[in-house]
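Visitor: I have a model open and want to learn to read it feature by feature. Where do we begin?

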Amino acid sequence: LEEYIEQGQPQIQREKIAYDVMMIDIDFFKLVNDTYGHDAGDVVIKTLAEILKSSIRDSDMAVRYGGEEFLVLLRHATHEATVRIASKIQSAFREKNFYFGNETVTKTLSIGIARLPQDNDSIWKVIKYADMALYEAKSTGRDKIVEFSPEMFEGY
């Protein structure tokens, strides 16, 4: 991700390339690892990675950003397309059944969205803003898609 942005940042600014950024987190992921083990957690993460790969275009990018967090960069996506893609990812993941031993488990996602250049002209700040929107989604009930707004600064 750092290499991609470092190499692409001059072109992004010069050509005014728009990116919508989604920060995605698996709700209560730690509970999967603690209850069913790390192999079960790996299955959940791989499933999300497959859903992401099938939901975005070749010109877009999805990376694992942390333990159970993923970052998606949508190049030249309209606002409507971004919301539609986020909803598609969220629904596809929610509909997956995970079988661990004798139990069937479903999981949900929280998603934060921010936009370049609408929210800021720095890709790193837009990533931070998507993270702030994700925090808002998680702190207000999870299993939500929240778009960044400047009012979120009040909570930081």
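**Reading the model, feature by feature**

Guide: We begin with a loop. Asn120 sits in the loop between E6 and H5. Keep in mind that the model is predicted.

Visitor: Is Asn120 buried or exposed?

Guide: Buried means under 20% relative accessible area. Asn120 has 16% relative accessibility, so this residue counts as buried.

Visitor: What does the side chain of Asn120 reach?

Guide: The backbone nitrogen of Ser122, at 2.9 Å. Setting aside residues up to four places away in sequence, Asn120 also touches Arg115, Lys125, Val126 and Tyr129.

Visitor: Which peptide bond is cis?

Guide: The general idea comes before the case. Most peptide bonds are trans. Here, the bond joining Leu116 and Pro117 is cis, with omega about 10°. Pro117 belongs to the loop between strand E6 (109–116) and helix H5 (123–139).

Visitor: Let me see the overall layout. How many helices and strands are there?

Guide: The protein has 5 helices and 7 strands. Along the sequence they follow the pattern α-β-α-α-β-β-α-β-β-β-α-β. The protein has 156 residues, and 44% of them count as buried.

Visitor: What share of contacts joins residues at least 24 apart?

Guide: Take the contacts between residues at least 6 apart in sequence. Of these, 67% join residues at least 24 apart. Leu71 is in strand E3. Its relative accessible area is 1%, so Leu71 is buried.

Visitor: Now a helix. Which residues of H2 are buried?

Guide: Phe29, Val32 and Asn33. Viewed down the axis of H2, these buried residues fall within an arc of 90°, so they line one face of the helix. On the other side of H2, Lys30, Leu31 and Asp34 are exposed.

Visitor: What do the buried residues of H2 pack against?

Guide: Their partners are E1, H3 and strand E4 (98–100).

Visitor: How do I describe two packed helices?

Guide: Two packed helices are described by the angle between their axes and the distance between the axes. Apply that to H2 and H3. Their axes come within 6 Å and cross at roughly 145°. H2 contributes Phe29, Val32, Asn33 and Tyr36 to the contact, while H3 contributes His38, Ala40, Gly41, Val44 and Ile45. By class, this contact of H2 with H3 has 6 nonpolar, 3 polar and no charged residues.

Visitor: Where do the axes of H3 and H4 stand?

Guide: Helix H3 (residues 38–55) and helix H4 (residues 79–94) have axes that come within 10 Å and cross at roughly 145°. The crossing of H3 past H4 is right-handed. From H3, Val44, Leu48, Ile51, Leu52, Ser54 and Ser55 take part; from H4, Ile85, Lys88, Ile89, Ala92 and Phe93 do. The residues of this H3 contact with H4 divide into 8 nonpolar, 2 polar and 1 charged.

Visitor: On to backbone angles. What should I look for in phi?

Guide: Most residues other than glycine have a negative phi. Phe28 is not a glycine, and its phi is positive, about 55°. Phe28 lies in the loop between strand E1 (19–26) and helix H2 (29–36). Just after H2, Gly37 takes a positive phi of about 100°.

Visitor: What is phi of His76?

Guide: Near 50°, a positive value in a residue other than glycine. His76 is in the loop between strand E3 (69–75) and H4. At 47% relative accessibility, His76 counts as partly exposed.

Conventions:
Residues are numbered from 1 along each chain as its sequence is written. This is a predicted model: local features need pLDDT of at least 70, side-chain atom pairs count only at pLDDT 80 or more; totals for chains, interfaces and linings use all residues. Side-chain values use heavy atoms; hydrogens and water are left out. Axes are lines fitted to C-alpha atoms, for helices over the stretch in contact, and angles run from 0 to 180 degrees between N-to-C directions. Helices (H or I, at least four residues) and strands (E, at least two) are DSSP runs, numbered from the N terminus. A crossing is left-handed if the near helix is turned anticlockwise from the far one by less than a right angle, and right-handed if clockwise. Contact means heavy atoms within 4.5 Å. Ala, Val, Leu, Ile, Met, Phe, Trp, Tyr, Cys and Pro count as nonpolar, Asp, Glu, Lys and Arg as charged, and the others, Gly among them, as polar. Buried means under 20% relative accessible area, exposed over 50%, partly exposed in between (1.4 Å probe, protein chains only). The arc is that of the directions from the helix axis to the C-beta atoms. A polar contact is a pair of N or O atoms within 3.5 Å; within protein, one must be able to donate a hydrogen and the other to accept it, and residues adjacent in sequence count only if both atoms are side-chain atoms.
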